[in-house]
Amino acid sequence: MSARSSITFAPRLLPAPQAAAYLGVSATTLRGLPIPRKVLGGKRLYDRLELEAYADSLSTEGEVKANSCDGAFGIA
């Protein structure tokens with residue numbers, strides 16, 4: 001077995017269909033999200049780390065996020 005065939009990992013840059021599947025959304029939904037794309041050889045690709053950062057920034061069900069007014073009223 002060659003060293004190359006024993007390496008298995010997710011690619012860092014993903015085309016839209018794979019990036020959408022990674023997040024669990026449609027490609028149409030993905031295009032509407034504020035996630036930057038990289039350009040490599042004319043291809044527009046999504047960075048897996050940017051996808052993870054976006055997913056991490058989403059609120060959790062039942063979680064209440066502080067809004068910008070909370071600090072002004074000492075509710076933070």
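Modeller: First, contact means heavy atoms within 4.5 Å. This is a predicted model, so local features need pLDDT of at least 70, side-chain atom pairs count only at pLDDT 80 or more, and totals for chains, interfaces and linings use all residues. Residues are numbered from 1 along each chain as its sequence is written, and side-chain values use heavy atoms, with hydrogens and water left out.

Colleague: Which residues is Asp47 in contact with, leaving aside neighbours within four places in sequence?

Modeller: Arg12, Leu13 and Lys38.

Colleague: Is Asp47 buried or exposed?

Modeller: Buried, at a relative accessible area of 4%. Buried means under 20%, exposed over 50%, partly exposed in between, with a 1.4 Å probe and protein chains only.

Colleague: What joins the side chains of Asp47 and Arg12?

Modeller: A polar contact of 2.8 Å. That term means a pair of N or O atoms within 3.5 Å; within protein, one must be able to donate a hydrogen and the other to accept it, and residues adjacent in sequence count only if both atoms are side-chain atoms. A polar atom of the Asp47 side chain also lies 2.8 Å from the backbone nitrogen of Leu49.

Colleague: New topic. Which residues make up the largest nonpolar core?

Modeller: Eight residues: Leu14, Ala16, Ala19, Ala20, Leu30, Ile35, Tyr46 and Leu51. Such a core is a set of buried Ala, Val, Leu, Ile, Met, Phe, Trp, Tyr and Cys residues joined through side-chain atoms within 4.5 Å.

Colleague: And what does Tyr46 touch?

Modeller: Beyond four places in sequence, its partners include Arg12, Leu30, Ile35 and Leu51.
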